[in-house]
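Student: I have a structure open and would like to learn how to read it. Can we go feature by feature?

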Amino acid sequence: MRVLLFTGKGGVGKTTVAAATAVRSAAAGARTLIVSTDPAHSLADAFDAPLGDEPAPIAEGLWGQQLDARIRLERSWGDIRAWLLEVLAWAGVEGIEAEELAIVPGLDEVFALADLADHVSSGRWDVIVVDCAPTAETLRLLSLPEVLGWYVDRLFPVGRRLNRVVAPVLGRVTSLPVAGDEVFSAGQAVFDRLEAVRELLADVDTSSVRLVVTPERLVVAEARRTHTYLSLFGYAVDAVVANRLLPDAVDDPWFDFWKAAHAEQLAVIEEGFAPVPVLRSELRGTEPIGVAALAELADDLYGELDPTALLHRGQPLRVESHDGSRRLVQALPFGTRDELALSRRDDELIVSVGPYRRAIVLPDSLRAREVTAAHLEEGELVVEFA
Ligand SMILES: Nc1ncnc2c1ncn2[C@@H]1O[C@H](COP(=O)(O)OP(=O)(O)O)[C@@H](O)[C@H]1O
Ligand SMILES: [Mg+2]
């Protein structure tokens, strides 16, 4: 079972490359499902085939689905939303404004991803290819389960207990709408689903992220940041796809500047993401639409490689012995000293890089030890324990 996720900046070719990968996977005999979780669906356009909210056949062994995140959001979040609306009304916010406030941005995409865990456990597929939302959203949504899960573990049991005691009193005194049990169980169900998908995506043997870039400075810069943050959350990148490279056959001098710029950025990509392999795909003469054109693009991209193989095994997080002490090593490619913050709380290590935060639950071997030092070394955060 393999889950391949494609992400990158808007317009770089995520959908196209994901679709091409799925076509080649199915052609090799794997039962393949391609799912789009990007609310701006364009899978159907890439295949030039009608696709909807349920898996539909595209070609022999290939199925496609454009998840309707709204439906899923409504199903899982309905009870919680109803309560939020009551609270907002109590606070004097009503109508459209309240409707908007009761929707947590990005949550719809999270629910789309949550369906992945069901697809995996169904046993119906050998390979699931995911056409993700652009970088920022994907990151936020990948980190959300962990962040929310952390809060729910600590706050919900307390909140629920407190609720039983306080609710009758509070209800009488302030008329603040108090969350009923159905809100708590809806909340718990949501977090359980998110936790299941987070576990799936963090299983490096099953799930790999492929970063799609075009050889342009801004695109590459953003992809490097994405790489840092994915590592921080324990998601493994097994390849980078450099898409829309100018073919050598283009020799019109008008393109000289672009060819030089592409070559320069390609060098930055190769060096910046090493040892992750960089796959290349040329700018095609026409838009690669439909199974045949996508298959050609896949041949150009993967050559002899099996697109469903694990193309690189990274180790986002590991523990090593070192001169009698132990060290926790976290891959943080491109992380810089000034963005990094570290703190310890009980058996958790809190690592922040820029706006992202992760609470790493320390393994048993480290739990009872003091942190003595930490430093960044060749793209890795090394935390020393006594
Ligand atoms: N290698 C390529 N050669 C030519 N056109 C491409 C190539 N890759 C993508 N495209 C075209 O670029 C546009 C954007 O690609 P798309 O896959 O929709 O990007 P994204 O999903 O990242 O927004 C589409 O019109 C697509 O057909
Ligand atoms: Mg797309």
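Student: Where is the place of arginine 244?

Tutor: Keep in mind that this is a predicted model. Arginine 244 sits in strand S7.

Student: Is arginine 244 buried or exposed?

Tutor: Count neighbours; 20 or more other C-beta atoms within 10 Å makes a residue buried. Arginine 244 has 20, so it is buried. Check its backbone too: phi is near 60 degrees, a positive value in a residue other than glycine.

Student: Which loop holds aspartate 48?

Tutor: Aspartate 48 lies in the loop between helix H2 (43-47) and strand S3 (56-59). Its phi is near 55 degrees, again positive in a residue other than glycine. For burial, the cut-off for exposed is 12 or fewer neighbours. Aspartate 48 has 12 other C-beta atoms within 10 Å, so it is exposed.

Student: Back to the strand. What does alanine 239 touch?

Tutor: Alanine 239 is found in strand S7. Leaving out residues up to four places away in sequence, it touches Arg210, Val276, Pro277, Leu279, Leu311 and His312. Alanine 239 is buried, with 24 other C-beta atoms within 10 Å. Alanine 239 and valine 212 are 27 residues apart in sequence, yet their C-alpha atoms are 8.8 Å apart in space.

Student: How many residues surround ligand 1?

Tutor: The shell around ligand 1 has 17 residues, and the closest are Gly13, Lys14, Thr15, Thr16 and Arg284. Next, ask which elements supply them. Helix H1 (14-27) and strand S7 (237-245) each give two or more residues. H1 has the largest share, with three residues.

Student: Now helices. How many residues has helix H7, and how far does it reach?

Tutor: Compare the end-to-end reach with the span expected at 1.5 Å a residue. Helix H7 (residues 181-202) has 22 residues and reaches 31 Å from first C-alpha to last, close to the expected 32 Å.

Student: Why do the buried residues of H7 line one face?

Tutor: Look down the axis. The buried residues of H7 include Val183, Val190, Leu194, Val197 and Leu201. Seen that way, the buried residues of H7 fall within an arc of 165 degrees, so they line one face of the helix. The face turned away from them carries the exposed residues Asp181 and Ser185.

Student: Which residues of H9 are buried?

Tutor: In H9 they are Gln265, Ile269 and Phe273. They cover an arc of only 50 degrees around the axis, which puts them on the same side of H9. On the other side, Asp256, Ala260, Ala263, Glu264, Ala267 and Glu271 are exposed. Helix H9 (residues 256-273) has 18 residues and reaches 26 Å, close to the 26 Å expected.

Student: Which residues have the most contacts inside the largest nonpolar core?

Tutor: They are Ala19, Val23, Leu116, Ile128, Val130, Val213 and Val240, in a core of 86 residues. Take one member: valine 23 touches Leu62, Val291, Leu294, Ala295 and Ala298, not counting residues up to four places away in sequence.

Student: What does the secondary structure of the protein come to?

Tutor: It comes to 11 helices and 15 strands. Of the 386 residues, 38% count as buried. Among contacts between residues at least 6 apart in sequence, 73% join residues at least 24 apart.

How values were computed:
Residues numbered from 1 in each chain as written. Chains lettered and ligands numbered in written order. Predicted model: local features only at pLDDT ≥ 70, side-chain atom pairs only at ≥ 80, totals over all residues. Core = buried A, V, L, I, M, F, W, Y, C linked by C-beta atoms within 7 Å. Contact = placed C-beta atoms within 7 Å. Helix = DSSP H or I, 4+ residues; strand = E, 2+ residues; numbered from the N terminus. Expected span 1.5 Å × (residues − 1). Arc of directions from axis to C-beta. Near = placed C-beta within 6 Å.
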